[in-house]
Amino acid sequence: MLNNTEFDVARPSSFDRQEALSNARDLFWRKGFHATSLKDIEGALSLKPGSIYAAFGSKKALFAEALKLYAQEAQAEFLDCLKQEESPLDAVMTYVRGLTIPKEQCAPSNACMVFKTALELVEDDTDLKQIAGQQLSSMAERFAEAFELARQKGELADNVDPHRAALKLQSNLTGMRGMIEGGLPPEDIKNLNDDIISDLERLRA
């Protein structure tokens, strides 16, 4: 934990807070909260302890901001899919396919940062665990809203519960990404992703 006695340097005038926060997100996403040291943070952010404290206050506060940034970006990516597709159900499938498409720059981890945090802090009674839970619920709500919109447009079968479908999708995605993180072979990744898409297709009216 950072504390007041560790700081004696003000942050540099060239400091880019958003860039620093993005670097912190990648660091925590890769290593987790407990395994990340102050030295790790200094190196990733290219800042002295005093600068880190001046900008973010503490390791815990920095992690909380990084976690929220990750969740916001994930939701923004999903909402972009909804904007680009006329069919909400097709948009959900486009998002799912995109999770296994290699990006130009490799992500620090294949597993969801929010889910990793929830698992890491499962025995901790902390604000961070609460934040992770809130972000997981928020993403499930975005899925449920998309399914509800699909239902209103007549895309979903009458017996489909948007909330229940959203929870199942979120469970499938977190499981798949966790298995990818564990070294699942590419062919199995493709098959698993295809199976999730097939489950979504079966929701169609």
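1. The side chains of aspartate 90 and arginine 204 form a salt bridge, at 2.9 Å from N to O. A salt bridge here is a side-chain nitrogen of Lys or Arg within 4 Å of a carboxyl oxygen of Asp or Glu. Aspartate 90 sits in helix α5 (residues 88–98) and arginine 204 in the segment after α9, so the pair ties together parts 114 residues apart in sequence. Aspartate 90 is partly exposed, at 27% relative accessibility. Arginine 204 is partly exposed too, with a relative accessible area of 29%. The cut-offs: buried means under 20% relative accessible area, exposed over 50%, and partly exposed in between (1.4 Å probe, protein chains only).

2. Basis of the values. This is a predicted model, where local features need pLDDT of at least 70 and side-chain atom pairs count only at pLDDT 80 or more, while totals for chains, interfaces and linings use all residues. Residues are numbered from 1 along each chain as its sequence is written, and side-chain values use heavy atoms, with hydrogens and water left out.

3. Arginine 204 has a further partner. It forms a salt bridge with glutamate 201, the closest N and O atoms being 3.2 Å apart. Glutamate 201 is partly exposed, at 37% relative accessibility. Shared partners join Asp90, Glu155, Glu201 and Arg204 into one network of salt bridges. The whole structure holds 13 salt bridges.

4. Another salt bridge pairs the side chains of arginine 202 and aspartate 199, at 2.3 Å from N to O. Arginine 202 is exposed, at 58% relative accessibility. Aspartate 199 is partly exposed, with a relative accessible area of 25%.

5. Aspartate 199 also belongs to the contact of α9 with α8. The axes of α8 (residues 162–181) and α9 (residues 186–201) come within 11 Å and cross at roughly 175 degrees. That makes the two helices roughly antiparallel. The axes are lines fitted to C-alpha atoms, for helices over the stretch in contact, and angles run from 0 to 180 degrees between N-to-C directions. Angles under 35 degrees count as roughly parallel, over 145 as roughly antiparallel, 65 to 115 as roughly perpendicular and the rest as oblique.

6. Which residues of α8 meet α9? They are Lys168, Leu169, Asn172, Leu173, Met176, Met179 and Ile180. Their partners in α9 are Ile189, Leu192, Asn193, Ile196, Asp199 and Leu200. Contact means heavy atoms within 4.5 Å. By class, this contact has nine nonpolar, two polar and two charged residues. Ala, Val, Leu, Ile, Met, Phe, Trp, Tyr, Cys and Pro count as nonpolar, Asp, Glu, Lys and Arg as charged, and the others, Gly among them, as polar.

7. Helix α7 (residues 127–152) has 26 residues and reaches 37 Å from its first C-alpha to its last. That is close to the 38 Å expected at 1.5 Å a residue, taken as 1.5 Å times one less than the number of residues. Just after α7, glycine 154 has a positive phi of about 80 degrees.

8. Histidine 34 lies in the loop between α1 (17–31) and α2 (38–45). Its relative accessible area is 48%, partly exposed. Beyond neighbours within four places in sequence, histidine 34 contacts Lys59, Glu120, Leu121 and Asp124. The C-alpha atoms of histidine 34 and lysine 59 are separated by 9.9 Å, with the two residues 25 apart along the chain.

9. The C-alpha trace spans about 65 × 35 × 35 Å along its principal axes. Of the 205 residues, 44% count as buried.

How values were computed:
Helices (H or I, at least four residues) and strands (E, at least two) are DSSP runs, numbered from the N terminus.
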